[in-house]
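Please read this briefing alongside the sequence and the model. It is grouped by topic.

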Amino acid sequence: MMTAPPSVLIMGIGNLLWADEGFGVRAVEELHRHYAFPENVRLVDGGTQGIYLVQHIREADILIVFDAVDYGLPSGTLKLVEGAEVPKFLGVKKVSLHQTGFQEVLAMAEMLGDYPRHLLLIGVQPVELDDYGGSLRPQVKAQILPAIAAALSFLKEHGVNAHRRTAPLREDATISTPETIMSEYETGRPPETDALRSGDARLLADGRWHGPADYEAEVERILSDVAERS
Amino acid sequence: MTAIQTPNGFNLDNSGQRVVVDPVTRIEGHMRCEVNVDAENIIRNAVSTGTMWRGLEVILKGRDPRDAWAFVQRICGVCTGTHALTSVRAVEDALNIQIPENANSIRNIMQLSLQIHDHLVHFYHLHALDWVNPVNALKADPKATSELQMQTGPRHPKSSPGYFRDVQNRLKKFVESGQLGPFKNGYWTNPAYLLPPEADLMAVTHYLEALDFQKEIMTTRTIFGGKDTHPNWLVGGVPCAINMDGDLAAGAPINMERLNYVAGVIDRTIDFVDNVYIPDIIAIGSFYKGWLYGGGLSGKSVLAYGDIPDRANDYSPGNLMMPSGAIINGNLQEVHPVDLRDPEQVQEFVPHSWYSYPDESKGLHPWDGITEPNYKLGPNTIGTSTNIQQLDESAKYSWIKAPRWRGHAMEVGPLARYVVGYAQGHAEIKEQVDSTLQALNVPLSALFSTLGRTAARALEAQWAARKQKYFFQKLIANIKAGDSSTANTEKFDPSTWPKEVKGVGFTEAPRGALAHWVRIKNTKIDNYQCVVPTTWNGSPRDNNGNIGAFEASLMNTKVERAEEPVEILRTIHSFDPCLACSTHVMGPDGEELANVKVR
């Protein structure tokens, strides 16, 4: 008897206008350029769509999320978080600009009884977020390929095989919007004298934006809290 | 200052305890509120500040105006389509491009779809929890809930005691797992929650139903926009071609099968709004109709640009199905016409904003807008320059400019649109408002409140669902008459453009009046200014000391517990601000009392 192949969703989230916040979307664009997938795999530019993404999550048996995440690690570090750790971690400590939103989206999918069986968060520690209109920093850009490799190996573990394209697709054959592809986004940027680029950290510089000092200890603490409760 | 009166009629007194509510995320700019409460815990002064520079438009300088929509739709995750539509309209206005009738109908269907989607999701998944207590729902009797359902929404099929028992059990399991999920961080023991457990259970059940149903609403935009999550837009029309006999291959144009699907979605949307959303608003409203705080500017000064042109390319008020006009000084007898090109009407002021103008006693029209940052704190600021505990609102205190209409601070949004429509005698709006007031047995004055704002949003969703059907039928009739044109590409080539042009595009975004002003020089964007609804509503004081809509709406509200300002959140959320926020609540000494989340 044939069983239906699992429904796989690979999604990049974040706002590509805020420098390294664009990591998720850029990673999934790049994955799409270089690899073709069977029909049960969908690649989605989730942007900052929040609750509107819940349906995509509900339909997925296997979910991979690319995102810029603040773990308090050295800038540009790639961090993989798997399975039950993902939402539990996200729900307790503010780690990304929109992640509370995404954690809620996961919880909403769970409330509706449609939670992915396998979940992988591929996060990168951003170098710079306060650069409006900016693109990925080199250290973060350099993590796109390792991030893709991590996604492919996770998929392989779950019996999903990607097919490397003989030649990459043109950049504007993107799953995102062709008007905002990375090369044109970077070259078309107005000079700093015309366009202010920074946010205002002064009102916000009270530590709220820093991740936990000791990430692993933080995760352990959260997981043991959860264990105590259950 | 201790006590002053503002020109727009509010008595401010900042002598009492200061409560700071500070959202921190920055999907679309941050917002922070500070209020002073008196000995009775009544808000006597309110300060709303945008705490971050939002360089929305400047990154468009020098870019191709035909691409601007794709950038502006990334400004924010929830208004994507509305910004895109406003942008293509601004560029079409500048270049004098006429779009085909089919494009107008399709754009209207997409815009109405976004309105309904945003209103529904905002109410159930962001705002309902300011009124509904999910923890209290665990105490409900499923049988009594079923009776309540049959009494309030008799046409909704899901109403059996067994159904509510199942939902309650799921909820129980969820809460017992220690994972409150979307319900965490609520003030669930606060006396500000007034619903009986049965109403709480019914509302939580509909929270889940709405979460399931909203996926359908999105499909309309996916079909016409050609793709998921970020639909496509086009200067000159819409990017989808129509071929009624075409098959369903990927990337195929709109055909009969897809249109039939859209027709089904439109009908199911009408049913859901009529039989679930509206009855819930009446049911919840009936328990809160004694809580009529939050009116703010809504009974004084409201503004709508109008939207949903019946015929293509005519943006005059008579052709716009969503009302347009301005009401000032509480005079509902007179609705003033609004002209976004008139340099005397919409102006932005900066005396209380962190920007410099050569002459700050004057406002500037967006076409002549200057954005020069000038971060300076007032002498009465408490805290340090890197960690502000309390702002000094007598000086500059916000990264949001203060837009004004002929010098007046204005509220925008569904309630503003409904007040303007009601004042104009708009038959459909009047009928909806009157029947809602009657069902709740409250006078017209009750409309000017937080609850009124929440109700107007639901009524607008109901109106929009019907108008979707109107434009769908119009589209089909036009196609059947032999017109399948969806785009006018005559002026798509920049070599056909004049050297220097300017234009303005406007829409009614779910959360209020939205306009983009563009100047195009040598085929590139020379200047681009967006005045977004949350800038109107969240604006700081202006040169005359008028307070903005958020500030006004918080005035004179009684807060049950200063350290759990559910009333502040309820009122700010009722505007559907374009912010996703976490909040910190601080006591008068700046010590953090609670860390909660603004949903």
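Predicted model: local features only at pLDDT ≥ 70, side-chain atom pairs only at ≥ 80, totals over all residues.

Residues are numbered from 1 along each chain as its sequence is written, and chains are lettered from A and ligands numbered from 1 in the order in which they are written.

**Chain B overall**

- Chain B contains 13 helices and 18 strands; these are DSSP runs numbered from the N terminus, with helices being H or I of at least four residues and strands being E of at least two.
- Of its 599 residues, 57% count as buried. A residue is buried if 20 or more other C-beta atoms lie within 10 Å of its own, exposed if 12 or fewer, and partly exposed in between, with C-beta atoms placed from the backbone.
- Among chain B contacts between residues at least 6 apart in sequence, 71% join residues at least 24 apart. Two residues are in contact if their C-beta atoms, placed from the backbone, lie within 7 Å.

- Helix H10(B) covers residues 450–480, and its 31 residues reach 45 Å from first C-alpha to last, close to the 45 Å expected at 1.5 Å a residue. The expected span is 1.5 Å times one less than the number of residues.
- H10(B) is largely enclosed by the rest of the structure, because 22 of its 31 residues are buried.
- Just after H10(B), B:Gly482 has a positive phi of about 105°.
- Helix H3(B), residues 101–127, has end C-alpha atoms 37 Å apart, which agrees with the 39 Å that its 27 residues should span at 1.5 Å a residue.
- H3(B) is mostly covered, with 26 of its 27 residues buried.
- At B:Val121, H3(B) bends by about 25°; the bend is the angle between axes fitted to the seven residues ending there and the seven starting there.

**Five-strand sheet of chain A**

- Five strands of chain A make an open sheet of mixed pairing, in the order E3-E1-E4-E6-E5. Two strands pair if DSSP finds at least two bridges between them.
- E3 and E5 (78–82) of chain A are at the edges with a single partner strand each, so one side of each has no neighbour in the sheet.
- Neighbouring strands of this sheet are turned by 15° against each other on average, direction ignored. Axes are lines fitted to C-alpha atoms, for helices over the stretch in contact, and angles run from 0 to 180 degrees between N-to-C directions.
- Strand E1(A), residues 8–13, is mostly covered, with six of its six residues buried. A:Val8, A:Ile10 and A:Gly12 point one way, whereas A:Leu9, A:Met11 and A:Ile13 point the other way.
- E1(A) runs parallel to E3(A), residues 41–47, over six bridges, and A:Val8 stands opposite A:Val41.
- E1(A) also runs parallel to E4(A), residues 62–68, over five bridges, and A:Ile10 stands opposite A:Ile64.
- E4(A) is joined in parallel to E6(A), residues 118–124, by seven bridges, and A:Asp67 stands opposite A:Gly123.
- Helix H6(A), residues 144–157, packs on the sheet, touching E1, E4, E5 and E6 of chain A, and its direction makes about 170° with that of E6(A).

**Three-strand sheet of chain B**

- Strands E14-E15-E16 of chain B form, in that order, an open antiparallel sheet.
- The edge strands are E14(B), residues 500–509, and E16(B), residues 524–531, each pairing on one side only.
- E15(B), residues 512–521, pairs with E16(B) over seven bridges; B:Lys521 has B:Lys524 as its bridge partner.

**Nonpolar cores**

- The largest nonpolar core has 211 residues, and those touching the most other members are A:Ile10, A:Val105, B:Tyr277, B:Leu303, B:Met410, B:Ala513 and B:Ala515. Such a core is a set of buried Ala, Val, Leu, Ile, Met, Phe, Trp, Tyr and Cys residues joined through C-beta atoms within 7 Å.
- H10(B) gives the most to this core, with 13 residues.
- Contacts of B:Ala513, not counting residues up to four places away in sequence, include B:Leu303, B:Val412, B:Phe506 and B:Trp536.
- A second, separate core of seven residues includes B:Phe349 and B:Trp354.

**Loop residue B:Asp493**

- B:Asp493 lies in the loop between H10 and E14 of chain B.
- B:Asp493 is exposed, with 9 other C-beta atoms within 10 Å.
- Its C-alpha atom is separated by 9.9 Å from that of B:Arg66, 427 residues apart along the chain.
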